[in-house]
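Subject: Handover of a structure

Dear colleague,

Please find the structure below, with its sequence.

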Amino acid sequence: MKKTNSNLVLLSMTFITGLLIANVVTGKLFATGVTLFGIPVILPGAAVCYAITFLITDVIGEIWGRKEANMIVKFGMWTQILATILIILTQFLPAADPEMQTAYEMLLGQNWIFVIGSLVAYICSQSWDVWMFHKIRNAYIKKHGTTKGGKWLWNNGSTMTSQILDTAIFILISFGFGFGWLFKPEMWPTLGAMLVGQYAFKFLLALIDTPVFYLMTRNAEPVIHDKE
């Protein structure tokens, strides 16, 4: 991918789209067919959409630099807040069809603890992703003078560690504290299954996106990007 303004805009729009759609489809749960601690592992539909956002920030960081990657993370935070406000405002508009209102609330109804968990997990995990990406990348370039043979290190290293933060923060805030599962020993196996299962799924997605990252950044220059 060439380092052009139009490509940066395209990637930024893709990032925002994946981020906002992830929040919309998170209510759709799907069964993985896997069990942990005797508990079926069920994942939110947002898992796939959200994984795209980490790929995009890595591509932007590789081609344009850390400043631009951090900028899109900040923009994403504000768009999430705006989308949440608009969804809530629409929810309280007078409904012409009660059944449609019920369906709307089932799909988009905002549980405040989930909103808080999502926003905190987002800003922590995405900021870590950008920081860790450039930490590993810059160290590699300083040592070898090239990015050849090393892209998989910062692509996977940043994404896989940031997904630990994202998974742990969201689940612990939303379910551990929001639902009080941390204070109910009988719910610990379910909480553990959610933590391990969701991270394992995100780990696999991070591996799968590595060839895509290589393809999109194949012409990137091996320069050390300055801090923001």
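**Helix H3 against helix H5**

In helix H3, the residues Arg-66, Ala-69, Asn-70, Ile-72, Val-73, Gly-76, Met-77, Gln-80, Ile-81, Thr-84 and Ile-88 meet Trp-112, Val-115, Ser-118, Leu-119, Tyr-122, Ile-123, Gln-126, Ser-127, Val-130, Trp-131 and His-134 of helix H5. By class, 13 residues of this contact are nonpolar, eight are polar and one is charged. Here Ala, Val, Leu, Ile, Met, Phe, Trp, Tyr, Cys and Pro count as nonpolar, Asp, Glu, Lys and Arg as charged, and the others, Gly among them, as polar. Contact means heavy atoms within 4.5 Å; helices (H or I, at least four residues) and strands (E, at least two) are DSSP runs, numbered from the N terminus.

The model is predicted: local features need pLDDT of at least 70 and side-chain atom pairs count only at pLDDT 80 or more, while totals for chains, interfaces and linings use all residues. Residues are numbered from 1 along each chain as its sequence is written, and side-chain values use heavy atoms, with hydrogens and water left out.

The axes of H3 and H5 (lines fitted to C-alpha atoms, for helices over the stretch in contact, with angles from 0 to 180 degrees between N-to-C directions) come within 9 Å and cross at roughly 170 degrees. The two helices, H3 and H5, are therefore roughly antiparallel, a term for angles over 145 degrees.

**The nonpolar cores**

A nonpolar core is a set of buried Ala, Val, Leu, Ile, Met, Phe, Trp, Tyr and Cys residues joined through side-chain atoms within 4.5 Å; buried means under 20% relative accessible area (1.4 Å probe, protein chains only). The largest such core has 30 residues, and Leu-11, Phe-15, Val-59, Ile-60 and Tyr-122 have the most contacts inside it. Helices H1 (5-25), H2, H3 (66-91), H5 (112-144) and H8 each give two or more residues to this core. H2 gives the most, with nine residues. Apart from this core lies another, of nine residues, including Ile-169, Ile-171, Phe-175 and Met-194.

**Helices H7 and H8**

Among the buried residues of H7 are Thr-190, Met-194 and Lys-202. The buried residues of H7 pack against strands E1 (29-36) and E2 (39-44) and helices H2 (46-63), H6 (151-177) and H8 (210-216).

Met-216 is found in helix H8 and is buried, at 19% relative accessible area. Leaving aside neighbours within four places in sequence, Met-216 is in contact with Met-1, Leu-11, Val-59 and Ile-63.

Yours sincerely

Definitions and conventions: Buried means under 20% relative accessible area, exposed over 50%, partly exposed in between (1.4 Å probe, protein chains only). Angles under 35 degrees count as roughly parallel, over 145 as roughly antiparallel, 65 to 115 as roughly perpendicular and the rest as oblique.
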